[in-house]
Amino acid sequence: MNKAAEIALFLHLLGVAIWIGGMVFAHFCLRPALEDLSPQLRLPLWESVFGRFFNWVGVSVLAILLSGALLMVYFGGSHANWQLHTMMGLGILMMLIFGHLRFAVFPRIRRAVQAQNWPNGARAVGTVRRLVVINLVLGVVTIGVAVLSRGF
Ligand code: HEM
């Protein structure tokens, strides 16, 4: 593997670690810990957490996409193996889901918190939870497919 591909793989894996690790932390650690708080406390906290986390994910997504494209060229482009094509498809699907979270669902949480409309805010946070679970499952499957791409 040449230097450019090594750097791309490093950035690719760093982005994956931040994105998947952040989702695991939010879903399995933060969410249960906040469950007993009243909506007045919980929803502004989620807004603040998502506001920061989604910026990190945005940068990670860019890194994964650009490094993934470079690696794809390195591994033969359209002649790359089916596992890499599957990774690209699943990765793009995860990115579309993230885009929906960031640009459609998150503004709903922000508006609900500003208007102190707690039922709407709680519904939007519930939507984030469901989509994060979907992206987590897709992410774990994608990592499995990445391992298969080595074709031991
Ligand atoms: C547009 C999306 C993506 C593209 C085009 C892409 C492409 C690639 C390519 C070409 C490689 C190099 C394979 C190798 O070193 O043998 C790679 C490695 C890897 N990718 Fe992706 N990827 C994408 C998204 C993702 C996502 C979303 C994840 C995880 C959630 C992921 C996880 C990995 C892992 C763990 C490796 C290391 C595999 C290894 O070196 O054995 N990728 N990716």
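Here are some friendly notes on this predicted model, taken helix by helix and then pair by pair.

1. **Overall picture.** The chain is built from four helices and has zero strands. Reading along the sequence gives the pattern α-α-α-α. If you want a sense of scale while turning the model, the C-alpha trace spans about 55 × 25 × 20 Å along its principal axes.

2. **Helix α2.** This helix covers residues 39–74. With 36 residues, α2 reaches 49 Å from its first C-alpha to its last, close to the 52 Å expected at 1.5 Å a residue. Have a look at what comes next: α2 is followed by glycine 76, which has a positive phi, near 105 degrees.

3. **Helix α3.** Residues 82–114 form α3, which has 33 residues. Its span from first C-alpha to last is 47 Å, close to the expected 48 Å. There is a kink to check here as well: α3 bends by about 35 degrees at valine 105, shortly before proline 107.

4. **α1 against α2.** The axes of these two helices come within 8 Å and cross at roughly 155 degrees. An angle over 145 degrees counts as roughly antiparallel, and that makes α1 roughly antiparallel to α2. The crossing of α1 past α2 is left-handed. By class, their contact holds 24 nonpolar, six polar and two charged residues.

5. **α3 against α4.** Here the packing angle is about 165 degrees, and the axes lie 9 Å apart. These helices are therefore roughly antiparallel to each other. Their crossing is left-handed. The residues in this contact divide into 24 nonpolar, nine polar and one charged.

6. **α1 against α4.** Helix α1 (residues 3–34) and helix α4 (residues 118–148) have axes that come within 10 Å and cross at roughly 135 degrees. That makes α1 oblique to α4. As α1 passes α4, the crossing is left-handed.

7. **Who touches whom between α1 and α4.** From α1, the residues involved are Val16, Trp19, Ile20, Met23, Val24, His27, Phe28 and Arg31. They meet Arg129, Val132, Val133, Asn135, Leu136, Gly139 and Ile143 in α4. Sorted by class, the contact of α1 with α4 has 10 nonpolar, three polar and two charged residues.

8. **A question to take back to the model.**

Conventions. Residues are numbered from 1 along each chain as its sequence is written. This is a predicted model: local features need pLDDT of at least 70, side-chain atom pairs count only at pLDDT 80 or more; totals for chains, interfaces and linings use all residues. Side-chain values use heavy atoms; hydrogens and water are left out. Axes are lines fitted to C-alpha atoms, for helices over the stretch in contact, and angles run from 0 to 180 degrees between N-to-C directions. Angles under 35 degrees count as roughly parallel, over 145 as roughly antiparallel, 65 to 115 as roughly perpendicular and the rest as oblique. A crossing is left-handed if the near helix is turned anticlockwise from the far one by less than a right angle, and right-handed if clockwise. Contact means heavy atoms within 4.5 Å. Ala, Val, Leu, Ile, Met, Phe, Trp, Tyr, Cys and Pro count as nonpolar, Asp, Glu, Lys and Arg as charged, and the others, Gly among them, as polar. The expected span of a helix is 1.5 Å times one less than its number of residues. The bend at a residue is the angle between axes fitted to the seven residues ending there and the seven starting there.
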